[in-house]
Amino acid sequence: MENRAPLSVISRVDETDSRTLLSMQDVRVWFELKKWGFLKAGFVRAVDGVSFKLDQGQALTIVGESGSGKTTLLRMILGLCQLTEGQIEFAGRNLDGQKSKDLAWLRSQVGFVQQDPYGALASFMDVHRILIEPLIINRVRREEHEQRIREALEEVRLIPVDDFLTKYPHMLSGGQQQRLVIARALLLRPRLIVADEPVSMLDASVRVEILEMMRGIQKNHDLSVIYITHDLSSVRYFSERVFVMYAAKLVEKADVREIVQNPLHPYTQALLAAIPDPDAKNAAELKAVPPGEPPSLINPPNGCRFHPRCPHKIEGRCDVDEPPEFEPGPGHLVECWLYDPEAGAPPAQTTMTDRAQAQAERQTAELQDRDN
Amino acid sequence: MIKGTDRQRGRAGAAIRGTSRHVGPVLKVEDLSLYFRASVGVVRAVEGVSFELQRGRSLTIVGESGCGKTSLAKAILRLLPRNIHTYKGRVFLNGTDLMTLSDERFRQDIRWKEMSLVSQAAMNSLNPVLKVGYQVAEPLLINHNMEKKAAFERAREVFKAVGIPAAFLDRYAFELSGGMRQRAIIAMALITNPSLVILDEPTSALDVLTQANIMNALKKIKREFDLSFILITHDIATSSELADEVLCMYAGQLVEHSKAERFYREPLHPYAQKLMASVPTLHTEKKPEFIAGQPPSLLNPPSGCRFALRCHRRFERCEEDPPLFQHGDETVKCWLYEKG
């Protein structure tokens with residue numbers, strides 16, 4: 001990765017490195033494919049060259065489609081899979097090739113909130129048993145157990161605590177189950193919480209409540225949170241910074257407000273344009289959506305991975321060279337040739353990709369013609 | 001098993017078929033209820049739902065999970081599990097009372113011929129060992145006794161309509177991406193040219209861009225085929241993509257039935273208002289709220305208004321069960337609109 005923009009911009013909130021909790025440098029995770037069980041058949045490049053830093057107390061969202069590598073990234077942070085290349089550091093310790101003792105330490109420092117709360121809770125254990133398990137495994141002093149459980153449950157507002165301790169997961173509503181999962185993640189007083197689509201299984205009316213609660217806990221305890229989702233509309237209520245992931249790469253990194261108001265990467269623009277706000281007008285219009293589907297990670301396209309679907313493709317550039325990270329605005333990083341300062345002025349900024357927009361308008365007009 | 005002769009079948013079919021002779025609503029549901037028997041008691045999944053749907057319109061059913069959306073769809077399609085306690089009310093399709101038909105007649109003449117379903121997570125319901133094209137053409141081969149060649153020709157047409165290249169007819173399900181599989185399932189629902197298609201969470205398992213693509217395809221199909229859609233979803237933002245009318249359900253009951261223009265701007269029922277307020281928006285600044293408390297158990301629902309306990313506009317009257325009030329063009333189940 002030549003001519004990368006300096007990484008320090010990301011942690012510009014605090015320039016000193018002492019606040020950095022997690023850092024990744026050019027991390028790659030490739031899974032080997034075998035043919036007939038022994039022949040080499042290539043690699044699935046699940047994560048391919050990801051770099052970032054996360055400060056203590058910062059909340060970060062990673063947005064991406066399924067299969068873009070979000071979950072592999074998360075598994076790496078939890079120490080559940082090995083890196084192929086690159087470096088990952090947590091609280092100053094290198095996480096690659098650790099021994100099981102280090103892994104136990106890591107997992108006491110990182111709390112995990114799963115996507116499906118019911119699946120993540122053992123159905124044969126009651127709440128008390130579910131919560132005491134991590135304390136026993138991590139050899140927390142027995143005198144502290146009850147108090148820690150109480151604190152965690154109060155934190156997630158499963159109160160009065162005594163009513164809940166004897167309940168089993170199936171007796172709780174979806175929202176309460178998710179709170180219990182969060183309580184369990186908080187129990188060992190971690191420094192980082194990793195949440196994989198924590199509200200996607202819940203109803204709209206409960207989602208906001210859970211996200212707000214997590215936000216509150218994050219601020220009160222100076223926790224770092226990595227929140228993984230495909231739902232961009234909930235992002236702005238949760239974190240300061242957003243990374244957009246496409247085909248195993250982080251294509252755009254910016255503050256929430258920037259991403260929503262001034263998306264730069266054509267993929268991010270398409271993503272934002274595709275998400276509707278509830279409005280009766282939507283039914284009469286077609287959306288501008290780039291054609292095609294995300295590329296295979298076994299044989300990703302040359303150059304920029306979005307170029308086969310991109311309306312702004314520069315021939316001879318985007319399909320040949322992989323774009324490095326450019327920084328068109330402070331703290332706004334994007335892997336796209338359109339923002340190459342050496343190639344002249346950056347293109348006029350549009351909220352939606354022009355060609356796709358024009359096409360959608362044409363089709364909408366056709367629809368209305370047919371209607372009349 | 002009763003087997004109708006071809007002549008009988010033809011007659012019933014012609015009467016029910018949504019030809020231009022029938023004027024009036026495609027679907028009319030009157031006081032439909034569906035209760036399940038469970039070990040702990042009777043679950044009132046759908047209670048007293050009535051609505052009408054005109055030809056070429058689409059109706060969106062929204063509500064939280066467990067409010068009876070899917071059960072309502074199943075009750076309309078008569079896809080019932082075994083533990084039925086009560087199944088009553090009337091369903092008219094193109095003017096024909098479906099409740100008077102026997103199960104066998106319903107299966108032969110109505111289900112999939114006149115009403116089809118795109119079920120939840122349908123993309124995982126394709127048969128892995130049959131070619132997609134055969135599975136899509138199957139309703140024609142089996143229900144309509146159509147020639148194989150003609151059936152595949154028709155399959156090619158619907159594939160085109162949903163935006164899959166015709167070459168995909170010869171592929172197997174695992175060779176298709178999630179979005180393509182979902183499109184194939186939609187093609188399957190369209191192939192018999194039904195009057196009504198019920199879509200139960202058709203895009204909730206898909207990515208944002210794929211979802212937008214499929215919504216685009218559905219909008220085009222709606223125009224081209226002159227179909228009526230019922231779209232069931234808990235994702236309010238997506239629901240607005242395909243809504244002419246919105247039916248909002250809460251705890252097994254219909255609480256509001258409004259035109260889309262009204263529902264997405266200023267819904268009438270306090271629950272619908274709260275629900276709309278809880279939707280996070282991306283393009284406009286708005287702080288979403290949440291609804292405190294939980295929906296009541298359907299085993300033992302409260303006798304009065306079911307939303308009363310969580311309602312911000314509760315008053316004495318709410319202890320009685322409100323009937324459906326007409327408020328202009330809209331129907332709403334709330335005492336606040338008693339005066340009309």
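**A helix crossing, a loop proline and a chain contact**

Helices α5(B) and α6(B) cross in a right-handed sense. The model that shows this is a predicted one. In chain B, α5 covers residues 148-162 and α6 covers residues 178-190. Their axes lie 9 Å apart, and the two helices pack at an angle of about 130 degrees. From α5(B), the contact draws on Val158(B), Phe159(B), Ala161(B) and Val162(B). From α6(B) come Arg183(B), Ile186(B), Ala187(B) and Leu190(B). By class, 7 of these residues are nonpolar, none is polar and 1 is charged.

Now turn to a loop of chain B. Pro296(B) sits between α10 (270-277) and β11 (325-327). Pro296(B) has 17 other C-beta atoms within 10 Å, so it counts as partly exposed; a buried residue would need 20 or more, an exposed one 12 or fewer. Leaving out residues up to four places away in sequence, Pro296(B) touches Ala251(B), Pro301(B), Pro302(B) and Arg306(B). Ser125(B) is 171 residues from Pro296(B) in sequence. In space, their C-alpha atoms are 32 Å apart.

Last comes the meeting of the two chains. Here 35 residues of chain A are in contact with 40 residues of chain B. On the chain A side, α8 (204-220), α9 (232-235), α11 (266-274) and α12 (354-371) each supply at least two residues. The most come from α8(A), which gives 5. This side of chain A divides into 19 nonpolar, 7 polar and 9 charged residues.

Key. Residues are numbered from 1 along each chain as its sequence is written. Chains are lettered from A and ligands numbered from 1 in the order in which they are written. This is a predicted model: local features need pLDDT of at least 70, side-chain atom pairs count only at pLDDT 80 or more; totals for chains, interfaces and linings use all residues. Two residues are in contact if their C-beta atoms, placed from the backbone, lie within 7 Å. Helices (H or I, at least four residues) and strands (E, at least two) are DSSP runs, numbered from the N terminus. Ala, Val, Leu, Ile, Met, Phe, Trp, Tyr, Cys and Pro count as nonpolar, Asp, Glu, Lys and Arg as charged, and the others, Gly among them, as polar. Axes are lines fitted to C-alpha atoms, for helices over the stretch in contact, and angles run from 0 to 180 degrees between N-to-C directions. A crossing is left-handed if the near helix is turned anticlockwise from the far one by less than a right angle, and right-handed if clockwise.
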